[in-house]
Amino acid sequence: MQWQLLAAQLINGIALGSTYALIALGYTMVYGIIRLINFAHGDIFMLGAYFGLIAISSYNLSLIPAMIISMCLAALVGITLDRIAYRPLRQSPRITVLITAIGASLLIQSLAQLIFGADYRSFPAKAIPIKIIRLGSIIITNRQIIIFGTAILLMILLHLIVNYTKLGKAMRAVSMDKEAAQLMGINVDRVIAFTFAVGSALAAAAGILVGILYNSVDPYMGTLPGLKAFVAAVLGGIGIIPGAVFGGFFMGIAENMVVAFGSSTYRDAVAFAVLILVLLIKPSGLLGKRVQEKV
Amino acid sequence: MTKRNIVVTALLAGFYLLVQLLAAKRVLLPYDLQILGLICINIMLAVSLNLINGFTGQFSIGHAGFFGIGAYASAYLTVVHDVPFLIALCAGAVFAAVIGIVIGLPALRLQGDYLAIATLGFGEIIRVVILNIPQVGGARGFSGISRATSFGHTYLFMILTVLIIKNFISSYHGRACIAVREDELASETLGINTTFYKVSAFTLGAFFAGLAGGLFSHYMGYINPAANQIGFLKSIDILIMVVLGGLGSITGSIGAAIFLTLIPELLRGLAEYRMIVYPIILILIMLFRPAGLLGGKELSWDALSRFYQRFAGKRQKQRVTGDGSE
């Protein structure tokens, strides 16, 4: 009985962790390029969930087109956010941009509450009928498999974009050295906008997946997963793409293990405890390199 | 005591007497008095956060955690152990300060946005821990707290807070804190123990936030561990006051605390738009005046009279040139 519970929570953890990983990728890419903790990222995740929900329930689309539309819309929101709130502050102190990001996060949240209402909403059951798959005594639902599969697919896509396209190459160049990249003829602002677009699209996909996993969508759903995904990014080493994936799975599994063996009321504290331990012991993250402070 | 101090003391005492008189005459209703008390509590929070964020340059977004500790610890003492109110109040503040040291020592090794996230994390951990203590009501909230705080208490403690923080900043130690803000590495080479000053400022800030918390829980008679009471949203509320008034300006924080506490009351009908207007204010300030409305400057009689003289001087000059042309 004990190990069955363990296996069930492990599977839950992997499903949840794959969504954290998707959100964490957006954090880590944006941080890698402009050294900004994009607080509003969790709220774009929430918007993504709403876009998907509306596409499925009001326009009767099936899951895949709904997800593509939601990702495109979220990418637009991400680019707009960067253009309005962050681009004018490129030369400002980082704290100024951080406060702006907090403001942007609250603004998106309140606007969503005004537009979509504060109540919980859920995906129509017919969108993805639940099927249960039994492996011996372990129970897996098809939703968990869809979530995991979609997340892995998107990660492979991101890997291809970052490593094998010209824009991906430009992204890596900008994150290494912004000035030098500019001198090489890279349009830095366009690359940053592209990064926001990709990150936001991934977050939107994660939003739909989480909406399916918990079957509930509300304007505040982005705050905690956003913070946890940020912790995941820090854990793996912020700015490092494989680190974010590793961190995401780690956070998802750790959270479910605490629920299995401890108290579920402490599940949200886990993330912050992990964060503080990482920051104090190895601030550059598990996969990160230490950078010396220069005078 | 200089002449100015006497005048300021007289003005502050006069305001208090005026409020009491108006309250006795029923011009000010108990509800108005409650708003005035909340303004005082918010001033304490804003000024104490400004000491950490504005003057010492250590960006903290977990200030509400200390507010929560003070609120719950003092309420626990008065309700469960029948400790006299003022003693419980001080004990709550001291407890918040001790937690401030415990959190500050490791966290303040971090810088910039990492510190911000760490303080956010600590703030949330404090909230979750309080949520899980059944003796203080857990998620239902802590009710049945005696309403021991009067407007006089909040007013007095607000003045004490502002006075102590103002004097701290003008002292040798406060200068050291400002040096840390300006350039941590340089101040360290000048022999300033940067860790000591960062943790001191953090602890002092936590102390006053805890004091404000104790006053608050005994003012309302009830407190719950929601995000907008002692969690992230409350921290952001305080942060907005500090940023709006100006990082490193005490008078700015006071003004912003008064303004932002009154605005929702004056715009009752627009209450639901409050959480849309606040973030817009925050973003606009960051875009156009990142140092806050007052910047690092203080509003004082000197500054006002200087401004007046400059203004008057300009007019006089205009008159002179005007005469000359005739």
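**Close-up views of a predicted two-chain model**

**Figure 1. The hairpin of β1(A) and β2(A) contains a glycine with positive phi.** In this hairpin, 2 residues lie between the strands, and Gly136(A) has a positive phi near 65°. The model is predicted: local features need pLDDT of at least 70, side-chain atom pairs count only at pLDDT 80 or more, and totals for chains, interfaces and linings use all residues. Residues are numbered from 1 along each chain as its sequence is written, while chains are lettered from A and ligands numbered from 1 in the order in which they are written. Strand β1 (residues 132-135) of chain A pairs with strand β2 (residues 138-141) of chain A in the antiparallel sense over 4 bridges; two strands pair if DSSP finds at least two bridges between them. Ile132(A) has Thr141(A) as its bridge partner in β2(A). Helices (H or I, at least four residues) and strands (E, at least two) are DSSP runs, numbered from the N terminus.

**Figure 2. Ile138(A) is a residue of strand β2 of chain A.** Ile138(A) counts as partly exposed because 13 C-beta neighbours lie inside 10 Å. A residue is buried if 20 or more other C-beta atoms lie within 10 Å of its own, exposed if 12 or fewer, and partly exposed in between, with C-beta atoms placed from the backbone. Leaving aside neighbours within four places in sequence, Ile138(A) is in contact with Gln4(A), Ala7(A) and Ala8(A); contact requires C-beta atoms, placed from the backbone, to lie within 7 Å. The C-alpha atoms of Ile138(A) and Trp3(A) are separated by 9.7 Å, although these residues are 135 residues apart along the chain.

**Figure 3. Chains A and B meet through a contact of 32 residues from chain A and 29 residues from chain B.** On the side of chain B that touches chain A, the elements giving two or more residues are α5 (112-131), α11 (232-245) and α13 (274-288) of chain B. Of these, α5(B) gives the most, with 12 residues. This side of chain B has 24 nonpolar, 3 polar and 2 charged residues. Ala, Val, Leu, Ile, Met, Phe, Trp, Tyr, Cys and Pro count as nonpolar, Asp, Glu, Lys and Arg as charged, and the others, Gly among them, as polar.

**Figure 4. Helix α11 (residues 267-281) of chain A packs with α5(B).** The axes of the two helices are 9 Å apart, at an angle of about 140°. Axes are lines fitted to C-alpha atoms, for helices over the stretch in contact, and angles run from 0 to 180 degrees between N-to-C directions. Residues of α11(A), including Phe272(A), Ile276(A) and Leu279(A), meet residues of α5(B), among them Ile117(B), Phe122(B) and Val128(B). By class, this contact has 12 nonpolar, 1 polar and 2 charged residues.

**Figure 5. Arg26(B) and Asp82(B) lie in loops of chain B.** Most residues other than glycine have a negative phi. Arg26(B) is exposed because 8 other C-beta atoms lie within 10 Å. Asp82(B), in the loop between α3 (63-81) and α4 (85-107) of chain B, has a positive phi near 55°. With 9 C-beta neighbours inside 10 Å, Asp82(B) counts as exposed.

How values were computed
Two residues are in contact if their C-beta atoms, placed from the backbone, lie within 7 Å.
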